[in-house]
Amino acid sequence: MHKEKMRYLRDKARVFLEVLRRDYWQESVPLAAECVVTEEPITLAEARQRSFRPVAKGEVWGGNWQCAWMHISGQIPAAWAGKRVVARLNLGGEGLLFDSDGNALQGLTDRSLFCREYIRDQYLVTEAAGGGETVEFYVDAAANDNFGLLLDDRPRRIEDAVIGTVGRIASLDLYSVDKTVLDLSYDLDILVNLLQNTPDGYRARQLAAIASRANDLYAGMPANAGKVRDYLQEAFFSTPACASSMTAMAVGHAHIDTAWLWPLRETRRKCGRTFATQLALIDRYPDYRFGASQPQHYQFVKEDYPDLYERLKARVADGRWELQGGMWVEADANLIGGESMIRQFLHGKNFFRDEFGVEVKSLWLPDVFGYSGALPQIIKGCGCDYFVTQKLSWNNYNVFPHTTFRWRGIDGSEVLAHCPPENTYNGTMTPRDLGFGQNNFAESDVADAFLSLYGCGDGGGGPLEEHIERAGRLASIEGCPKVKMAPARQLLDRLDAVRDRLEVWTGELFLEKHQGTFTTQAGVKRSNRRLEHLLKQLEFVYSCLPVENYPAAALDAAWKKLLLHQFHDIIPGSSITRVYAEARAAYAELFEQCGKLLADAWESALTAEADTITLFNTLGCEYRGYYRLPADWAGVEFDGATLPCQREEDGVVAEVVIPPYSSVELRRSDLAASTVEGGPAVLENDLVRYEFDERGRLIRGYDKELQFEFLSPEAPGNVFRLYYDNPINFDAWDVDLDYVNCPVAEALPSAALRKTVGPVRQILALEQRIGRSTLSQQIILGGGKALRFETRVHWDEANKMLRVAFPVNLSAAQAQFDIQYGFLSRSTQVNTSWDLAQFEVSAHRYVKLSDPQYGVALLNDCKYGFRLRENVLDMNILRSPKYPDPTADLGDHEFTYVLLPYRAGTTHQLVINQAAMLNEAPVAAVGFSGEWQLPCRLIADHIMLEVVKKAEKSEDLVIRLVETAGCHSRGLLQLREEFSAIFRTDLIEWTTEEELPAGAELELVMRPFEIRTYRLER
């Protein structure tokens, strides 16, 4: 066959399919509609109490983010008796269709980011009409599509960011459908897709001939459809897949971002639309299987659509709806803390067990922006064996070498990881997608099956009818993988059988993309970190009180609200303006609730006493830091002696020292604080000397104890630079590789340096301008070597990035980065493309660079983005992307960072302790005194008591220990006598791994970075 003829036959087959997709539509009649428009969603019962107004096809019923209840009615013509009847409802946005009794039927959407076939504007009224029936529906409609509003990705002005989306009715009709032609179109769809994606050769020629013959048999006459179907069954579908073909284990999927280009309000409704749609499809297709993750979404449906939720529970029970993923939401895995990771599993798995009686065994994070090396231990310790993602296929520079592998964490724990080789969770169930997946499956020499996730998410409602029809036809066809509709768990268990033959990847799974998410929306990140520590402190405090005082319900709700906002498009900074306005309000509410809970604890446990403050150190290390006294205090006494204090512009400051897990009482003193103003731009004590130039740059750092210049003599430190930051794609998400070539400005002084010296600390006050922004610092030196930078920035930039750098006088091939419950090392050199890709990396409370003798660490209280190349510690402070939130981070920011020089060798714990003190200050009971009855004490150098809390399912106490230094460590846990038994459990308190003899002391031997949980029976 000539190439020209082959090309002609391919085009002919494509056009034939287009003809069929027109021919199965027959007659139509219009439907009538009336609506009630509101700014926010209301219930159907509330809508029925209002006046509806008529609305017609072509009419605009609402503007951006408005809501409406549509009442739609009509009549099936008598002549349509026996015919399939479909309602075509494109209402210019999203919607959930209800029957006249208020039962949810199916979701609707007018468009999709991916392709037109994901438009969901058809509802099957009946397979065989009686003729003459009336139809009546209600639609809960939204004037936004399934990707929110149309936004300008590079707006010049904030007010121009929204291009506009309106609720315009595009279709409002009943149609009769020729079911035989429709089924033929599904048949031909498979054949044409396979033909278009089969290279020229013998099989392509066979397929082209079959399609051509089918076209000839049809002859443009719908009455011939049955005859053509019979021909295709014999000539095409009867030829099975090759014995060596892989099996695609296919599960319908509808990835729903908990917030992104729409607010949480719409997510709740997207869940209702999607779940209703999929329940309807499950009813129609007995072999179909669907799965969804994120317990928070199920909670939304339980609250908002209780009838739908009961139907869902029945489908979970009969195995046709799969619960996927153990986390409360699909959380970011770079930015949230170690305890937050555990609580994501604890609340997520408890929900699925309590509500459905199902134990989920996988972590399901298909769309998260990189995965911490601490995760394997947490996954395993929370009772999961499997990890699923596809995001690594997005790498910019290196192709990740595996699709199925053993992922080993920093402690040595392993889980089985699977990356669906179609590189998507929005598969279309076509020969093209499946064939790519088969060829892309790197471990096809070991395993014979892979996971296929198909369906449109984010309001698209999951698979359409045609996707499921395709899946049924693709069970076994020559030239395609075999398709089996099955839950993901079945595929993961199948892969587990060959686990020992799989290769190992150790450490983090770094995504070579979206590094800007380490910094964007800095205020959200700061609130999250503060609340992570505050909630743990609340649990600690209440665990020292009688169990009946423990506010379990309040803490449960607070944790879940925090976990919700750790979703991978909220905390990374990649959502719209409204999401962050609502997040800030949620955080403010959490801070207020935590403050009230603390006040209640003090009132129930301590004695009210004026002019007294009790400080509680919840850390496993001695706390040494500054405490700002009430405004009317002149000084303070501690343990009978007067503490040194100094008066500063905003109050009186004292330095306090509190033993681990202990409290101290401060009492008011009339001894006035003192300070001295002025002096050279030098901060110095017996251990260290810091010198600054007239611009406030740090030009010298000298360790007197070790006689070592630890800062680079070639470049100053604490230099703020502004960079042009306008990434090629993904404005809020990305930082471009070559941003370092685009410096815009350095900070310049806007006022003279001011120095204050007092008995507690020395302070250099710095005010600067940079670009259109201003910043001020209190640079503080106390009695140690640590130099503290308390910083305020008023940020008013567009597509700029603010960074601060410290070149140091050290050389090391690797640097250490704090991550969840551990740390890891990364290269400071660029020897490989893998090194190149890590030009911007994430860390939590510290980064450090050291040689065998000396080290310098940079600590922080709310930052996550860093660049460590050669000898420069560089921290990303703020960004100003314009998409999807054009107001991102504009305004005022406060944060603190600390430069910590130290003797290297055995002092890694020093860095950890200093970082902990910066982030977790003591909790204060102002106006109260009393003893703090700690339930246990820990004596250890490298083991931290991170959590003390009430057990989730009993009145017992739960404690969590972490080995922090990355070595084998020993310790002694001392317990109060009230505990009758000690049980070592998994991280979520489900499984008892070991019962230990009751006693006052427990000897600990822990492996590097090990996390342990104990339940103490009262």
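How many aromatic pairs does the structure hold? I started my notebook with that one, and the count came to 41 aromatic pairs. A reminder to myself before going on: this is a predicted model.

**Entry: rings**

I followed one group of rings through the chain. Ring pairs join Phe 275, Phe 290, Tyr 298, Tyr 309, Trp 321, Trp 328, Phe 351, Phe 352 and Phe 356 into a cluster.

**Entry: charges over rings**

Next I looked up charged side chains placed over aromatic faces. For Lys 391, I found the charged end over the ring of Trp 394, at 3.4 Å from the ring's centre. I also noted Arg 48, which lies over the face of Tyr 138, with 4.6 Å to the ring centre.

**Entry: cavities**

I found 7 cavities of 30 Å³ or more in the structure, and the largest cavity has about 480 Å³ of space. I listed 30 residues lining that largest cavity, and the closest to its centre are His 533, Lys 536, Tyr 821, Arg 845 and Glu 946.

Which elements give two or more residues to the lining of the largest cavity? I wrote down helices H9 (338-356), H14 (522-543) and H18 (908-919), together with strands S43 (814-819), S44 (822-827) and S53 (943-950). H14 gives the most to this lining, with 6 residues.

Last, I sorted the lining of the largest cavity by residue type: 11 are nonpolar, 11 are polar and 8 are charged.

Note on methods:
Residues are numbered from 1 along each chain as its sequence is written. This is a predicted model: local features need pLDDT of at least 70, side-chain atom pairs count only at pLDDT 80 or more; totals for chains, interfaces and linings use all residues. Side-chain values use heavy atoms; hydrogens and water are left out. On a 1 Å grid over the protein atoms alone, a cavity is a set of points where a 1.4 Å probe fits but cannot get out, and a pocket is an open set with protein on both sides within 12 Å along at least five of seven lines; lining residues have an atom within 4 Å of a point. Grid points are joined across faces, edges and corners, and a volume is the space filled by probe spheres set on the points. Helices (H or I, at least four residues) and strands (E, at least two) are DSSP runs, numbered from the N terminus. Ala, Val, Leu, Ile, Met, Phe, Trp, Tyr, Cys and Pro count as nonpolar, Asp, Glu, Lys and Arg as charged, and the others, Gly among them, as polar. Rings of Phe, Tyr and Trp (its six-membered ring) pair if their centres lie within 6.5 Å; planes under 30 degrees apart count as stacked, over 60 as edge-to-face and the rest as tilted. A charge sits over a ring if NZ of Lys or CZ of Arg is within 6 Å of the ring centre and within 35 degrees of the ring normal.
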